[in-house]
Amino acid sequence: MGQATDVFRGGVAVVTGAGSGIGEGLARTAAELGMQVALADVNVERMERVAAEIRATGATAITIPTDVADPAAIDRLAATVHDRLGDVRLLMNNAGIEILGLTWELPTDVWEKAIRINVLGVIHGVRAFVPRMLAAGKPAFIGNLSSIGGLSMMAVQTPYILSKHAVLSFSECLRMEMDLVGAPISVSAVLPGPIATRIFEDAATPKDSTRIEFHRKMMQDMTHGPGSLTGKQAAERILAGIAAKEFFVSTHPEITAQMAKQRAEHLATLSTPTLGEEAKRMLLG
Ligand SMILES: NC(=O)c1ccc[n+]([C@@H]2O[C@H](COP(=O)([O-])OP(=O)(O)OC[C@H]3O[C@@H](n4cnc5c(N)ncnc54)[C@H](O)[C@@H]3O)[C@@H](O)[C@H]2O)c1
């Protein structure tokens, strides 16, 4: 983590969704790199536990209960971090949720929740923090959590997949805008592969979801199976990529490259989205 230490030591990091999984790993790793860390999560108990453990190592960690689905809460987060810790060097728009189910079986509130958290949460993070970063005029870094799902398609995860595509395209435009105005802010899209977290355990589903429970189990097994990383291992790879100013930050470069190639071929040939027979059998249980 040599370069990441040089880049981040002494700075302030903000991590949304810092109470679990990748966000927890990012908060711990940022503290290990010598940063003061602001943890934001909707689950206060989990976030407080992580912060207490970080403080026990001698690092500074503050907690700010935040629902990223609420733009005003993100504004308060930005103001509080600035007042208490000063200029932000690293913003990780990490909070995100999974939703499982056929599009038409998911209730309106579930659809809207997914978009408010996974898409608007990232957008409002940028809207709330960037003006202060620009005013500070110092080098800063923004990491937006997309996914390898931002390069691929998956039936019965439609809200999640579309949100991760949105975060990727948002981040691409944002990186260009920073270039346009000559801002010293590096924007990265983070595309993790399988990371062993609680995201599928917590995933919302429609009421009648026997079929979907099969899919949940399959995804849980995949994210906890061979080749998966812990949130902490993922965070170390992610912060190394962000420090190097990579745009596409991957935890599993081979999977990312394969997904990108498949997506490019699909678009280049304007092929019709289809599932293979085996995938259909798996999805239908
Ligand atoms: N786990 C994976 O395999 C994987 C793969 C690709 C991308 N990701 C992305 O990484 C990010 C983190 O996921 P994870 O797997 O660590 O999940 P996780 O469920 O373990 O942790 C997510 C955290 O976000 C918090 N959160 C949920 N809604 C929130 C809200 N409205 N406001 C603030 N905090 C909220 C949760 O309380 C939780 O602490 C997500 O954006 C996810 O889409 C995960």
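The following legends describe close-up views of a predicted model.

**Figure 1. Residues around the ligand.** The shell around the ligand holds 30 residues, of which Ser-20, Asp-41, Asp-67, Tyr-160 and Thr-197 come nearest; a residue counts as near if one of its heavy atoms lies within 4 Å. The shell divides into 12 nonpolar, 13 polar and 5 charged residues, with Gly counted as polar and Tyr as nonpolar. Helices α2 (21-32) and α6 (158-180) each supply at least two residues of this shell; helices are DSSP runs (H or I, at least four residues) numbered from the N terminus.

Figure 2. An oxygen atom of the ligand is 2.9 Å from a polar backbone atom of Ile-195. Polar contacts are pairs of N or O atoms within 3.5 Å. The protein buries 95% of the 830 Å² that the ligand exposes when taken alone (Shrake-Rupley method, 1.4 Å probe).

**Figure 3. Crossing of helices α4 and α5.** The axes of α4 (residues 71-85) and α5 (residues 108-136) come within 9 Å and cross at roughly 35 degrees; axes are lines fitted to C-alpha atoms over the stretch in contact, and angles run from 0 to 180 degrees between N-to-C directions. The crossing is right-handed, the near helix being turned clockwise from the far one by less than a right angle. Residues in contact (heavy atoms within 4.5 Å) include Pro-71 and Ile-74 of α4 and Gly-121 and Phe-129 of α5.

**Notes.** Residues are numbered from 1 along each chain as its sequence is written. Local features need pLDDT of at least 70, side-chain atom pairs count only at pLDDT 80 or more, and totals for chains, interfaces and linings use all residues, while side-chain values use heavy atoms, without hydrogens and water.

Notes: A polar contact is a pair of N or O atoms within 3.5 Å; within protein, one must be able to donate a hydrogen and the other to accept it, and residues adjacent in sequence count only if both atoms are side-chain atoms.
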